[in-house]
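Please open the structure in your viewer and keep the selection tool at hand.

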Amino acid sequence: MIYDIGIVDTKKVISAINEVYQIDFSNFALTAFKRRLLYVLNENNYTSIVDFISNIENNQLLFDQYLSQGLIDTTEMFRDPSCWRDLRDKYLKDLAKNKELKVLLPGVTSGDDLYTLLIVLKEEGFLNDVKIVATSLSEIRINQILHGGMYDQKKIEIGEANYKRFSDRGSLSDYYVMEGSKVKMNSDLLKNVEFKKYSFLSDAPILGFQLVLYRNRLIYYNPTQQEAVVDKLVKSLQVGGILCIGSKESIESSVSYAKLTVLNEEEKIYKKRTE
Amino acid sequence: MISYKAVIIGGSAGSFQVVTRIIASLPKDFPLPVFLCLHRLKHVRSGFVEALSIKSNLPIREPDDKEPIKSGCIYLAPANYHMYVELGNKFALSTEDAVNHSRPSIDLSFISAAYNYKRKLIGIILSGANKDGAQGLKKVKDNGGLTIVQDPAECQVATMTNASMQATTVDHIFKTDEIIRFLLKIK
């Protein structure tokens with residue numbers, strides 16, 4: 001068991017990954033990154049950081065596995081039910097007036113927000129008229145979501161409680177089946193979702209969306225990277241499109257913030273008003 | 001006396017009144033930032049700051065991610081996020097898994113604060129029915145900071161303070177009044 005990891009060792013891991021796989025973690029928020037690295041090391045029974053580095057340098061399969069373990073979950077379906085209610089009641093109908101509603105979810109990990117959105121769209125009758133692009137750094141994570149998430153029951157209990165605060169129309173259990181001890185989301189929800197392996201850090205922005213959901217992802221970057229990411233998020237939106245971030249995330253100091261109007265300060269929902 | 005840079009307080013069941021008394025006693029010119037990591041309902045985002053603010057002379061905030069830390073301000077870990085002290089004197093928030101069934105986790109807040117402030121940190125664990133905070137207080141001690149637990153005899157629930165005293169040799173076991181007197185001596 002490794003109990004702590006210093007900055008020097010953390011930086012060694014970051015530069016090894018950057019050199020071999022061209023994925024740059026140097027602008028990630030340090031505390032969470034270190035904690036996650038420690039989790040991956042211990043989960044795989046490493047006792048030395050040197051062994052870990054040498055394994056990721058020489059074995060892409062191992063690296064992919066560690067990358068998927070290292071990405072932090074958004075943790076809950078229907079997290080912040082009031083935010084989802086606001087999106088549903090105030091903005092979704094207008095957005096759905098577009099012939100094909102285009103939605104971008106960058107950086108999905110466990111797929112909670114993706115499945116939440118799909119359920120909301122289905123309940124509102126918009127599921128057939130959308131085109132959703134979900135991106136992730138990790139193919140393993142993409143495959144997990146494609147196979148229905150296979151979530152722990154405990155996670156779904158939290159999602160179920162959140163759902164009840166969101167709506168009294170149905171139940172989260174309308175949208176999944178049990179497979180062994182795991183929860184498998186209904187695959188028909190995914191029919192209009194396209195998954196892309198994509199890095200927000202280095203790849204060019206994808207354009208033309210009416211809704212961009214990026215909740216509780218900015219918190220894992222340092223302010224420099226946040227600035228660049230917010231710029232890309234805003235670029236991805238059409239004028240009139242909506243951006244939603246996490247309830248305690250702040251983008252006011254970003255240059256691109258000037259292109260947005262606040263729709264809901266509390267739930268962090270913004271509208272793009274100009275290119 | 002060492003010139004401390006921050007105070008961090010962790011508490012759970014039975015700690016609300018103690019925290020309220022402590023922050024009510026801090027003067028307008030209290031020289032340090034105070035971090036509160038208290039177990040709370042994760043789906044209730046508002047109301048807690050307002051309740052704590054009623055008797056406080058100092059501003060109380062639930063920090064946004066990457067918000068700069070200011071002296072003389074009290075910061076409450078927001079609902080359903082872990083709150084870290086990040087390098088560069090700012091906060092960082094996280095949605096990582098619950099630790100000790102808790103998000104915010106007292107351990108995680110204390111560990112990050114201990115790492116950043118080392119011996120210039122005062123860590124205080126109050127009443128609680130969970131062992132969250134014990135490993136965090138140990139980290140404060142291991143980094144040379146000052147450790148205080150509320151006297152278990154005075155705690156409504158002493159699980160948290162007892163676990164902390166098992167995890168490390170704490171510097172002081174104080175009743176609420178003594179915690180207040182100690183904090184008022186900080187210049």
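Which residues does A:L243 touch, not counting residues up to four places away in sequence? Select A:L243 in this predicted model; its contacts are A:V212, A:L233, A:V234, A:L237, A:L260, A:Y270 and A:K272.

Next, widen the view to the largest nonpolar core, which has 121 residues. Within this core, A:L243 and B:L36 touch the most other members. Select helix 3 of chain B, residues 106-117: with eight residues, this helix gives the most to the core. In soluble globular proteins, nonpolar side chains tend to be buried together.

Now colour chain B by its two domains. Domain 1 comprises 1-14 + 27-99, and domain 2 comprises 134-150 + 162-187. The C-alpha centres of these two domains of chain B are 17 Å apart. Where they meet, five residues of domain 1 of chain B are in contact with four residues of domain 2 of chain B. The domain 1 side of this contact has four nonpolar residues, one polar residue and no charged residues.

Return to chain A and select residues 176-179 and 182-185, which are strand 3 and strand 4. The two strands run antiparallel and are joined by four bridges. One pair to display is A:E179 with its bridge partner A:K182 in strand 4. Two residues lie between the strands of this hairpin, and A:G180 takes a positive phi near 65°.

Finally, consider the confidence values. Chain B has a mean pLDDT of 96, with 99% of its residues at 70 or more. For the complex, the predictor gives an ipTM of 0.94 and a pTM of 0.96.

Technical notes:
Residues are numbered from 1 along each chain as its sequence is written. Chains are lettered from A and ligands numbered from 1 in the order in which they are written. This is a predicted model: local features need pLDDT of at least 70, side-chain atom pairs count only at pLDDT 80 or more; totals for chains, interfaces and linings use all residues. Domain bounds come from an automatic or database domain assignment. Two residues are in contact if their C-beta atoms, placed from the backbone, lie within 7 Å. Ala, Val, Leu, Ile, Met, Phe, Trp, Tyr, Cys and Pro count as nonpolar, Asp, Glu, Lys and Arg as charged, and the others, Gly among them, as polar. pLDDT is the predictor's confidence in each residue, from 0 to 100. Two strands pair if DSSP finds at least two bridges between them. A nonpolar core is a set of buried Ala, Val, Leu, Ile, Met, Phe, Trp, Tyr and Cys residues joined through C-beta atoms within 7 Å. A residue is buried if 20 or more other C-beta atoms lie within 10 Å of its own, exposed if 12 or fewer, and partly exposed in between; C-beta atoms are placed from the backbone.
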